[in-house]
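Me: Hi! I have a new model open and would like to talk it through. Can you help me read it?

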Amino acid sequence: MQTPKEKEAAVNLNDHLYETDFYAWTQQQANLLRYQQWNQIDLANLIEEVESLGRRERQELKSRLSILIGHLLKWEYQSSKRSRSWLATIRIQRRDIIKLLNENPSLQSSMEVALQEAYENARDLASGETNLPLSTFPLQCLYLWKDLINLNFYPGESASDDLME
């Protein structure tokens, strides 16, 4: 059993390490958990970090959706400039979104909000990369979720066969 003085010293050491060498802190916390040293764990910072892991997964979903939708908007609204690069980005983002959702199925419950937030960024991305006015793109996402992850969905006119092969 730790004395109050020992407990305070452990807390101060944890806080210092957390602020000065995050990697070392993570390794220390992992070892404390592994060896069940419950009274030495930096509980406050550990809780904060676990919560941030979940936020990071949600942010990754929004980021990937933004890139995917932005490229689909470019694909649809600037069809004359379609490229293999755009095609590759669309394909990669779709695969990564599907993988992320398979690894984190509970993210599905926040899909509506993530899609709305991602669409705002997607419009900015499409406008910035096409030099088309922001008003060119609809205010609300017109793509259905099932289409976004459909590996064969490309909005607008069909692309040339050589681009799609």
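Predicted model: local features only at pLDDT ≥ 70, side-chain atom pairs only at ≥ 80, totals over all residues.

Me: What about contacts between residues at least 6 apart in sequence: what share joins residues at least 24 apart?
Reply: That share is 67%.

Me: Let's zoom in on helix 5. Which of its residues are buried?
Reply: The buried ones are Met-111, Ala-114, Leu-115, Ala-118, Tyr-119, Ala-122, Arg-123, Ala-126, Ser-127 and Thr-130. In an α-helix there are 3.6 residues a turn, so residues three or four places apart point the same way.

Me: Nice. What covers those buried residues of helix 5?
Reply: The cover includes helix 3, helix 4 (84–103) and helix 6.

Me: How does the span of helix 5 compare with what its 20 residues should give?
Reply: It agrees: at 1.5 Å a residue the helix should span 28 Å, and its end C-alpha atoms are 27 Å apart.

Me: And what happens to phi just after helix 5?
Reply: Asn-131 takes a positive phi there, about 65 degrees. Most residues other than glycine have a negative phi. Asn-131 belongs to the loop between helix 5 (111–130) and helix 6 (145–148).

Me: Is Asn-131 buried or exposed?
Reply: Exposed, because its relative accessibility is 71%, and the cut-off for exposed is over 50%.

Me: Which loop holds Gln-36, and what is its phi?
Reply: Gln-36 lies in the loop between helix 2 (22–34) and helix 3 (43–77). Its phi is positive too, near 55 degrees. With 52% relative accessibility, Gln-36 counts as exposed.

Me: Changing topic: what is the volume of the largest pocket?
Reply: About 220 Å³.

Me: Which residues line it?
Reply: The lining of the largest pocket is Glu-112, Leu-115, Gln-116, Tyr-119, Glu-120, Arg-123, Leu-139, Gln-140, Cys-141 and Tyr-143. Leu-115, Tyr-119 and Arg-123 are in that lining, and they are also among the buried residues of helix 5.

Me: Last one: how does that lining split by class?
Reply: The largest pocket is lined by 5 nonpolar, 2 polar and 3 charged residues.

Technical notes
Residues numbered from 1 in each chain as written. Heavy atoms only, no water. 1 Å grid on protein atoms, 1.4 Å probe; cavity = no way out; pocket = protein on both sides within 12 Å on 5 of 7 lines; lining within 4 Å. Points joined across faces, edges and corners; volume = space filled by probe spheres on them. Nonpolar A, V, L, I, M, F, W, Y, C, P; charged D, E, K, R; others polar. Helix = DSSP H or I, 4+ residues; strand = E, 2+ residues; numbered from the N terminus. Buried < 20%, exposed > 50% of the residue type's maximum accessible area, 1.4 Å probe, protein only. Expected span 1.5 Å × (residues − 1). Contact = heavy atoms within 4.5 Å.
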